[in-house]
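Biologist: I'm new to reading protein models. Could you walk me through a few features, one at a time?

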Amino acid sequence: MSELIITPSTLEEIYLYNEADCYLLGNSSFCVRYNHSYSNEEILKASKIIKELNKQLFININKIFQETELNKLREYLLFLKDIDVNAILFSDFAVLKICQELNISDKCIMYHETYPTNTNDLEVILSFGIKGAIISKEVEIETIKNAARFNNVGMIAFGYIEIFNSKRKLLETYSQQYDINKELVNSYNVKIKEMTRDNLYPLFQDKNGTNIFTSFVYSALKDFKELNDLNIKYFIIDTIFLDQEYVIKVLKIFNDLRNGINIDLDQFYNESKYYLDSGFLHVDVGLIK
(Lines give C-alpha, C1' and ligand atoms only; values in the text may rest on other atoms or scores of the structure.)
Protein backbone atom coordinates (compact mmCIF):
# COMPACT_ATOMS: atom_id res chain seq x y z
CA MET A 1 0.00 0.00 0.00
CA SER A 2 1.39 3.39 -0.98
CA GLU A 3 1.71 6.23 1.51
CA LEU A 4 0.96 9.90 0.90
CA ILE A 5 3.43 12.18 2.68
CA ILE A 6 2.39 15.79 3.37
CA THR A 7 4.28 18.77 4.83
CA PRO A 8 1.94 20.66 7.20
CA SER A 9 2.87 24.24 8.06
CA THR A 10 0.98 24.23 11.38
CA LEU A 11 -0.16 21.68 13.94
CA GLU A 12 -3.75 22.46 12.96
CA GLU A 13 -3.04 21.38 9.39
CA ILE A 14 -2.32 17.86 10.61
CA TYR A 15 -6.07 17.55 11.20
CA LEU A 16 -6.96 19.35 7.97
CA TYR A 17 -4.73 17.10 5.87
CA ASN A 18 -6.36 13.99 7.31
CA GLU A 19 -6.25 12.09 4.01
CA ALA A 20 -2.46 11.87 4.25
CA ASP A 21 -0.73 8.86 5.76
CA CYS A 22 2.50 10.52 6.92
CA TYR A 23 3.35 14.02 8.11
CA LEU A 24 6.82 15.34 7.27
CA LEU A 25 8.14 17.96 9.71
CA GLY A 26 11.47 19.76 9.94
CA ASN A 27 13.49 22.10 12.09
CA SER A 28 15.52 24.92 10.50
CA SER A 29 18.72 23.81 12.26
CA PHE A 30 18.57 20.44 10.54
CA CYS A 31 16.37 20.99 7.51
CA VAL A 32 16.21 23.19 4.41
CA ARG A 33 13.28 23.99 2.11
CA TYR A 34 10.64 23.82 4.84
CA ASN A 35 7.38 25.71 5.23
CA HIS A 36 7.61 25.82 9.03
CA SER A 37 10.41 25.21 11.51
CA TYR A 38 9.06 22.91 14.23
CA SER A 39 10.61 23.20 17.68
CA ASN A 40 11.09 20.07 19.78
CA GLU A 41 8.04 21.07 21.81
CA GLU A 42 5.94 21.34 18.66
CA ILE A 43 7.26 17.99 17.41
CA LEU A 44 6.20 16.40 20.72
CA LYS A 45 2.72 17.84 20.30
CA ALA A 46 2.62 16.73 16.67
CA SER A 47 3.72 13.23 17.66
CA LYS A 48 0.82 12.93 20.09
CA ILE A 49 -1.70 14.18 17.53
CA ILE A 50 -0.38 11.93 14.77
CA LYS A 51 -0.43 8.84 16.99
CA GLU A 52 -4.01 9.60 18.01
CA LEU A 53 -4.92 9.75 14.31
CA ASN A 54 -3.11 6.43 13.74
CA LYS A 55 -0.83 8.10 11.20
CA GLN A 56 2.97 8.32 10.88
CA LEU A 57 5.43 11.03 11.87
CA PHE A 58 8.35 11.58 9.47
CA ILE A 59 11.16 14.04 10.21
CA ASN A 60 13.09 15.79 7.44
CA ILE A 61 16.85 16.17 8.05
CA ASN A 62 17.93 17.11 4.52
CA LYS A 63 20.67 19.57 5.42
CA ILE A 64 24.37 19.00 4.58
CA PHE A 65 26.21 19.37 7.89
CA GLN A 66 29.47 20.97 8.95
CA GLU A 67 31.77 19.14 11.36
CA THR A 68 30.90 21.62 14.11
CA GLU A 69 27.18 20.77 13.81
CA LEU A 70 27.48 17.03 14.41
CA ASN A 71 27.07 17.12 18.19
CA LYS A 72 23.78 19.01 17.92
CA LEU A 73 22.71 16.62 15.18
CA ARG A 74 23.36 13.67 17.49
CA GLU A 75 21.31 15.31 20.27
CA TYR A 76 18.44 15.86 17.83
CA LEU A 77 18.55 12.27 16.60
CA LEU A 78 18.52 11.04 20.22
CA PHE A 79 15.41 13.15 20.79
CA LEU A 80 13.77 11.63 17.70
CA LYS A 81 14.70 8.14 18.90
CA ASP A 82 13.15 8.83 22.31
CA ILE A 83 9.82 9.87 20.82
CA ASP A 84 9.94 6.94 18.37
CA VAL A 85 9.36 8.74 15.09
CA ASN A 86 8.41 6.49 12.17
CA ALA A 87 11.01 7.71 9.69
CA ILE A 88 13.93 10.09 9.28
CA LEU A 89 14.51 11.49 5.78
CA PHE A 90 18.17 12.36 5.23
CA SER A 91 20.57 13.72 2.59
CA ASP A 92 23.91 13.72 4.42
CA PHE A 93 25.41 10.30 5.19
CA ALA A 94 26.53 11.70 8.54
CA VAL A 95 22.87 11.34 9.57
CA LEU A 96 22.86 7.68 8.57
CA LYS A 97 26.18 7.06 10.37
CA ILE A 98 24.88 8.48 13.66
CA CYS A 99 21.57 6.62 13.24
CA GLN A 100 23.53 3.40 12.84
CA GLU A 101 25.34 4.13 16.10
CA LEU A 102 21.97 4.79 17.77
CA ASN A 103 20.41 1.63 16.27
CA ILE A 104 17.75 3.54 14.36
CA SER A 105 19.11 3.24 10.82
CA ASP A 106 16.07 1.14 9.93
CA LYS A 107 14.05 4.37 10.21
CA CYS A 108 16.18 6.19 7.62
CA ILE A 109 14.91 7.12 4.15
CA MET A 110 17.37 8.76 1.77
CA TYR A 111 15.91 12.02 0.43
CA HIS A 112 18.48 13.97 -1.55
CA GLU A 113 16.24 15.29 -4.39
CA THR A 114 18.94 14.96 -7.08
CA TYR A 115 20.11 11.47 -6.09
CA PRO A 116 19.57 8.50 -6.62
CA THR A 117 19.07 8.66 -10.37
CA ASN A 118 19.02 4.98 -11.38
CA THR A 119 18.51 1.43 -10.14
CA ASN A 120 22.24 0.89 -9.51
CA ASP A 121 22.22 3.85 -7.13
CA LEU A 122 19.16 2.43 -5.37
CA GLU A 123 20.70 -1.00 -5.03
CA VAL A 124 23.73 0.45 -3.25
CA ILE A 125 21.74 2.80 -1.04
CA LEU A 126 19.22 0.17 0.05
CA SER A 127 22.05 -2.27 0.81
CA PHE A 128 22.75 -0.20 3.96
CA GLY A 129 19.60 -1.70 5.48
CA ILE A 130 17.67 1.56 5.57
CA LYS A 131 13.91 1.97 5.42
CA GLY A 132 13.78 3.32 1.86
CA ALA A 133 14.83 5.96 -0.65
CA ILE A 134 13.24 8.82 -2.59
CA ILE A 135 14.33 8.82 -6.22
CA SER A 136 15.67 12.00 -7.83
CA LYS A 137 13.22 14.66 -9.01
CA GLU A 138 15.20 14.84 -12.27
CA VAL A 139 14.56 11.36 -13.67
CA GLU A 140 12.09 10.34 -16.34
CA ILE A 141 9.14 8.04 -15.71
CA GLU A 142 10.79 4.92 -17.18
CA THR A 143 13.52 5.14 -14.53
CA ILE A 144 10.88 5.40 -11.82
CA LYS A 145 9.08 2.37 -13.27
CA ASN A 146 12.32 0.39 -13.18
CA ALA A 147 12.89 1.50 -9.60
CA ALA A 148 9.53 0.02 -8.61
CA ARG A 149 11.13 -3.43 -8.40
CA PHE A 150 12.70 -2.34 -5.12
CA ASN A 151 10.67 -2.14 -1.93
CA ASN A 152 10.07 1.20 -0.19
CA VAL A 153 11.07 3.53 -3.04
CA GLY A 154 9.31 6.88 -3.28
CA MET A 155 9.17 10.07 -5.32
CA ILE A 156 8.23 13.72 -5.14
CA ALA A 157 4.69 13.78 -6.49
CA PHE A 158 3.53 17.39 -6.16
CA GLY A 159 4.88 20.81 -5.26
CA TYR A 160 7.40 23.49 -6.13
CA ILE A 161 10.82 22.00 -6.90
CA GLU A 162 14.10 23.59 -5.83
CA ILE A 163 16.38 24.49 -8.75
CA PHE A 164 19.05 26.53 -6.96
CA ASN A 165 20.66 26.44 -3.53
CA SER A 166 23.39 28.53 -1.98
CA LYS A 167 24.69 28.96 1.56
CA ARG A 168 24.97 32.67 0.80
CA LYS A 169 22.14 34.90 2.03
CA LEU A 170 21.45 36.45 -1.35
CA LEU A 171 18.16 38.16 -0.53
CA GLU A 172 19.61 39.78 2.57
CA THR A 173 22.59 41.05 0.58
CA TYR A 174 20.29 42.38 -2.13
CA SER A 175 18.05 44.12 0.40
CA GLN A 176 21.08 45.85 1.94
CA GLN A 177 22.34 47.00 -1.46
CA TYR A 178 19.01 48.34 -2.70
CA ASP A 179 17.31 49.12 0.63
CA ILE A 180 14.20 47.03 -0.01
CA ASN A 181 11.65 46.07 2.64
CA LYS A 182 13.52 44.04 5.27
CA GLU A 183 10.33 42.12 6.09
CA LEU A 184 10.66 40.33 2.75
CA VAL A 185 13.85 38.66 3.94
CA ASN A 186 13.02 35.26 5.50
CA SER A 187 9.47 35.45 4.14
CA TYR A 188 7.60 33.19 1.71
CA ASN A 189 6.36 36.09 -0.40
CA VAL A 190 9.30 36.76 -2.70
CA LYS A 191 9.59 35.86 -6.38
CA ILE A 192 12.38 36.75 -8.76
CA LYS A 193 12.42 37.29 -12.51
CA GLU A 194 15.30 36.88 -14.91
CA MET A 195 15.88 39.67 -17.40
CA THR A 196 15.55 37.31 -20.38
CA ARG A 197 12.52 35.32 -19.14
CA ASP A 198 8.97 36.10 -18.12
CA ASN A 199 8.61 33.45 -15.43
CA LEU A 200 8.54 34.26 -11.73
CA TYR A 201 10.54 31.99 -9.42
CA PRO A 202 9.69 31.68 -5.70
CA LEU A 203 12.66 32.41 -3.46
CA PHE A 204 13.17 31.57 0.20
CA GLN A 205 16.07 32.52 2.45
CA ASP A 206 16.79 31.41 6.00
CA LYS A 207 19.86 30.98 8.21
CA ASN A 208 20.99 28.07 6.03
CA GLY A 209 21.13 30.15 2.86
CA THR A 210 19.00 30.80 -0.22
CA ASN A 211 16.71 28.52 -2.21
CA ILE A 212 15.08 29.25 -5.58
CA PHE A 213 12.25 27.12 -6.92
CA THR A 214 10.62 26.32 -10.24
CA SER A 215 8.15 28.80 -11.69
CA PHE A 216 5.66 25.92 -11.99
CA VAL A 217 4.24 23.39 -9.56
CA TYR A 218 5.54 19.93 -10.33
CA SER A 219 2.72 17.39 -10.63
CA ALA A 220 2.75 13.63 -11.17
CA LEU A 221 -1.03 13.41 -10.83
CA LYS A 222 -1.60 12.19 -14.40
CA ASP A 223 0.83 9.32 -13.85
CA PHE A 224 -0.09 8.57 -10.25
CA LYS A 225 -2.44 5.64 -10.83
CA GLU A 226 0.11 3.81 -12.97
CA LEU A 227 2.98 4.47 -10.56
CA ASN A 228 0.86 3.53 -7.57
CA ASP A 229 -0.02 0.20 -9.20
CA LEU A 230 3.68 -0.46 -9.85
CA ASN A 231 4.66 -0.66 -6.17
CA ILE A 232 6.02 2.88 -5.65
CA LYS A 233 5.73 3.25 -1.88
CA TYR A 234 6.05 6.95 -0.97
CA PHE A 235 4.54 9.98 -2.70
CA ILE A 236 5.62 13.35 -1.27
CA ILE A 237 3.26 16.31 -1.57
CA ASP A 238 5.31 19.39 -0.64
CA THR A 239 3.07 22.29 0.37
CA ILE A 240 5.64 25.11 0.40
CA PHE A 241 4.14 28.26 -1.25
CA LEU A 242 0.75 26.50 -1.73
CA ASP A 243 -2.38 27.69 0.03
CA GLN A 244 -4.20 25.46 2.48
CA GLU A 245 -7.47 25.05 0.58
CA TYR A 246 -5.63 24.06 -2.58
CA VAL A 247 -3.53 21.46 -0.72
CA ILE A 248 -6.66 19.87 0.76
CA LYS A 249 -8.10 19.55 -2.74
CA VAL A 250 -4.89 18.07 -4.17
CA LEU A 251 -4.57 15.58 -1.33
CA LYS A 252 -8.16 14.44 -1.86
CA ILE A 253 -7.50 13.88 -5.58
CA PHE A 254 -4.46 11.74 -4.82
CA ASN A 255 -6.44 9.73 -2.30
CA ASP A 256 -9.42 9.29 -4.64
CA LEU A 257 -7.13 8.10 -7.45
CA ARG A 258 -5.49 5.67 -5.05
CA ASN A 259 -8.91 4.30 -4.17
CA GLY A 260 -9.86 3.80 -7.81
CA ILE A 261 -12.16 6.80 -8.14
CA ASN A 262 -12.09 8.43 -11.57
CA ILE A 263 -11.11 12.10 -11.56
CA ASP A 264 -11.25 14.55 -14.46
CA LEU A 265 -7.62 15.61 -14.23
CA ASP A 266 -7.77 17.71 -17.40
CA GLN A 267 -10.42 19.86 -15.77
CA PHE A 268 -8.38 20.15 -12.57
CA TYR A 269 -5.28 21.21 -14.53
CA ASN A 270 -7.26 23.76 -16.56
CA GLU A 271 -8.85 25.26 -13.46
CA SER A 272 -5.77 25.11 -11.23
CA LYS A 273 -4.74 28.43 -9.68
CA TYR A 274 -1.11 27.30 -10.03
CA TYR A 275 0.54 26.34 -13.31
CA LEU A 276 1.17 22.58 -13.25
CA ASP A 277 3.94 20.80 -15.14
CA SER A 278 5.45 17.31 -15.09
CA GLY A 279 9.07 18.52 -15.07
CA PHE A 280 11.49 15.85 -16.27
CA LEU A 281 8.92 13.08 -15.92
CA HIS A 282 8.30 12.84 -19.67
CA VAL A 283 11.59 14.30 -20.90
CA ASP A 284 14.21 12.06 -22.51
CA VAL A 285 17.07 12.80 -20.13
CA GLY A 286 20.59 11.98 -21.30
CA LEU A 287 23.76 13.16 -23.00
CA ILE A 288 23.42 14.75 -26.43
CA LYS A 289 26.48 14.95 -28.67
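Biologist: Which residues are linked in a network of salt bridges?

Modeller: First the idea: side chains of opposite charge can pair when their charged atoms come close. Here Arg33, Glu113, Lys137 and Glu162 are linked in such a network. To count as a salt bridge, a side-chain nitrogen of Lys or Arg must be within 4 Å of a carboxyl oxygen of Asp or Glu. This is a predicted model, so local features need pLDDT of at least 70 and side-chain atom pairs count only at pLDDT 80 or more, while totals for chains, interfaces and linings use all residues. Residues are numbered from 1 along each chain as its sequence is written, and side-chain values use heavy atoms, with hydrogens and water left out.

Biologist: How many salt bridges does a search of the whole structure find?

Modeller: The search finds 15. Take Glu3 and Lys233, whose closest N and O atoms are 3.7 Å apart. That pair joins distant parts of the chain, 230 residues apart: Glu3 sits in strand S1, and Lys233 in the loop between H8 and S11. (Helices, H or I with at least four residues, and strands, E with at least two, are DSSP runs numbered from the N terminus.)

Biologist: Are Glu3 and Lys233 buried or exposed?

Modeller: Both are buried. Buried means under 20% relative accessible area, exposed is over 50%, and partly exposed is in between (1.4 Å probe, protein chains only). Now look at Glu41 and Lys45, another salt bridge, with 3.8 Å between the closest N and O atoms. Glu41 counts as exposed because its relative accessibility is 52%, and Lys45 is partly exposed at 44%.

Biologist: Where do Glu41 and Lys45 lie?

Modeller: An α-helix has 3.6 residues a turn, so residues three or four places apart point the same way. Glu41 and Lys45 are both in helix H2 (residues 40-52), four residues apart, or about one turn of the helix.

Biologist: Can we look at a whole helix next? How many residues has helix H9?

Modeller: H9 (residues 244-258) has 15, and its first and last C-alpha atoms are 21 Å apart, close to the 21 Å expected at 1.5 Å a residue. (That expected span is 1.5 Å times one less than the number of residues.) At the start of H9, a side-chain oxygen of Asp243 comes to within 3.2 Å of the backbone nitrogen of Glu245. After H9 comes Gly260, with a positive phi near 85°.

Biologist: What covers the buried residues of H9?

Modeller: Those buried residues include Tyr246, Val250 and Phe254. Among the elements covering them are strand S7 (153-166), helix H8 (221-229) and helix H10 (265-271).

Biologist: And single residues? Where is Thr210 found?

Modeller: Thr210 is in strand S10 (residues 209-219), and it counts as buried because its relative accessibility is 0%. A polar atom of its side chain lies 3.0 Å from the backbone nitrogen of Leu170. Leaving aside neighbours within four places in sequence, Thr210 is in contact (heavy atoms within 4.5 Å) with residues including Phe164, Leu171 and Phe204.

Biologist: Zooming out, how many helices and strands are in the chain?

Modeller: There are 10 helices and 12 strands. The chain's radius of gyration is 19 Å, close to the 19 Å the globule rule gives for 289 residues, so it is as compact as a globular protein of that length. (The radius is taken over C-alpha atoms; the rule is 2.2 Å times the number of residues to the power 0.38.) Buried residues make up 54% of the 289.

How values were computed:
Polar contact = N/O pair within 3.5 Å; in protein donor to acceptor, adjacent residues only side chain to side chain.
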